[in-house]
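This report describes how the parts of one protein model are arranged. Please keep the structure in view while reading.

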Amino acid sequence: MRTKQACIDVSKRRRTEPKWRQLLSDFDRSKEKQLELIPDPDEYKSLKVAQSVACTAIRRYGFNMSTIRENGRLYLVKDLVSQTK
């Protein structure tokens with residue numbers, strides 16, 4: 001087995017909060033009930049893929065929200081019903 005010097009600084013990558021966590025926590029703290037997600041060009045192959053990534057992040061970080069695809073747009077929606085119980 002051989003070793004090689006790492007070409008990236010792993011500690012720097014771990015200092016920044018993941019993009020989805022920051023976006024979801026900002027939306028969770030806001031007073032807005034829904035938010036349209038507009039991916040950058042070539043960021044995701046399709047809206048379905050973007051929705052899947054968003055749903056995975058929501059479950060992973062434990063936020064009380066969901067996604068809806070409607071008329072070629074992707075929305076992030078707070079689940080207000082379960083918050084009042």
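## Terms and basis of the model

Contact means that heavy atoms lie within 4.5 Å. Helices (H or I, at least four residues) and strands (E, at least two) are DSSP runs, numbered from the N terminus. The model is predicted, so local features need pLDDT of at least 70 and side-chain atom pairs count only at pLDDT 80 or more, while totals for chains, interfaces and linings use all residues. Residues are numbered from 1 along each chain as its sequence is written, and side-chain values use heavy atoms, with hydrogens and water left out.

Trp20, Arg21 and Leu24 in α2 are in contact with Ala50, Val53, Ala54, Ala57, Ile58 and Tyr61 in α3. This contact comprises eight nonpolar residues, no polar residues and one charged residue. Here Ala, Val, Leu, Ile, Met, Phe, Trp, Tyr, Cys and Pro count as nonpolar, Asp, Glu, Lys and Arg as charged, and the others, Gly among them, as polar.

Two packed helices are described by the angle between their axes and the distance between the axes. The axes of α2 (residues 19-29) and α3 (residues 47-61) come within 10 Å and cross at roughly 75°. Axes are lines fitted to C-alpha atoms, for helices over the stretch in contact, and angles run from 0 to 180 degrees between N-to-C directions. The helices α2 and α3 are therefore roughly perpendicular to each other (65 to 115 degrees; under 35 is roughly parallel, over 145 roughly antiparallel and the rest oblique).

## The sheet

Three strands form an open sheet in the order β1-β3-β2, with antiparallel pairing; two strands pair if DSSP finds at least two bridges between them. Because β1 (34-37) and β2 (65-70) stand at the edges with a single partner strand each, one side of each has no neighbour in the sheet. Six bridges join β2 to β3 (residues 73-78), and methionine 65 stands opposite lysine 78 in β3.

Helix α2 packs on the sheet, touching β1, β2 and β3, and its direction makes about 55° with that of β3. Helix α3 lies across β1, β2 and β3, running at about 170° to β2.

Glutamine 51 lies in α3 and is buried, with a relative accessible area of 15%. Arginine 60, also placed in α3, is exposed, with a relative accessible area of 61%. Buried means under 20%, exposed over 50%, and partly exposed in between (1.4 Å probe, protein chains only).
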